[in-house]
Amino acid sequence: SEDLSNLEERTKKRLLKFNIDKCKVMRIGHKFETRYILEGKELQEIKLEKDLGVWVSNDLKPSMQCTKAAGRAFGVLASIKRNFTHINKEGFIILYNAYIRPHLEYCVQAWSPFLQKDISCLERVQRKATKLVKGLNKVRYEERLKMLNLFPLSYRRFRGDMIEVFKILNGFDKVNYEQFFKLSETTNLRGHSDKLFLERSRLQIRKGFFSQRIVSNWNGLSELVIGSTSVSMFKNRLDIVCMNGMDVGTKS
């Protein structure tokens, strides 16, 4: 409340004015009784809001974002089905990558699902989409993915997480890695030398946050993958190593 008062004073000095109808309050965590007043008007309290294209709820679960993303993707899928009577493998890849997948992966590092129902909600879109290809309607999902050279979405999210960590730790992204990670101080470790420290999380939802969920996966990578000197090299080595010896969750 005091911060809002200070903000209001600074904006008045600069001859700015808030649109109070667009200012809202979302309470996260414990329920506080504090009332938030701006320019003499109490701010509206909400439980769900769309911010920069991502749905955020007061319980910090990505369920609404998953539902909305899947809904948009299914809408595009229906439109493609109405307008194309015959889709071959090459045509499907172009359509899928351009019009469907972006809905499922937009800013996904910020809202990656951790509940099985949300994971299945997204994977269901790709399951149905791959059936559009002529001759693949009755082929098992795992086989359809191999024939189309696609990955399960669960692996795509894992892959995106690892690429982002690699870019942050190696300076490819202009982000201070200490804002997200803490390097492990233990020297007697198996595997590579860039392992991260996993902070304890009391709440399950905290374990799903980017800075927490990536630690075990990152620490489990081999020195061959971690030692890559470029992003493209890291991607290639990660795919080769993980797809040969990792359960990527095609049965979700």
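Colleague: Where is Asn 149 found?

Modeller: Asn 149 sits in the loop between α6 (141–148) and α7 (153–169). Helices here are DSSP runs of H or I with at least four residues, strands are runs of E with at least two, and both are numbered from the N terminus. Keep in mind that this is a predicted model, where local features need pLDDT of at least 70, side-chain atom pairs count only at pLDDT 80 or more, and totals for chains, interfaces and linings use all residues. Residues are numbered from 1 along each chain as its sequence is written, and side-chain values use heavy atoms, with hydrogens and water left out.

Colleague: What phi does Asn 149 have?

Modeller: Most residues other than glycine have a negative phi. Asn 149 is not a glycine, yet its phi is positive, about 60 degrees. Leu 52 also has a positive phi, near 55 degrees, and lies in the loop between β5 (48–51) and β6 (54–57).

Colleague: Is Leu 52 buried or exposed?

Modeller: Buried means under 20% relative accessible area, exposed over 50%, and partly exposed in between (1.4 Å probe, protein chains only). Leu 52 counts as exposed because its relative accessibility is 70%. Asn 149, at 67%, counts as exposed too.

Colleague: How many residues of α9 are buried?

Modeller: Eight of the 10 residues in α9 (residues 210–219) are buried, including Phe 210, Ile 214 and Trp 218.

Colleague: What is the mean pLDDT of the protein?

Modeller: pLDDT is the predictor's confidence in each residue, from 0 to 100. The mean is 88, and 94% of residues reach 70 or more. Over residues 246–252, though, pLDDT stays under 50.

Key
Contact means heavy atoms within 4.5 Å.
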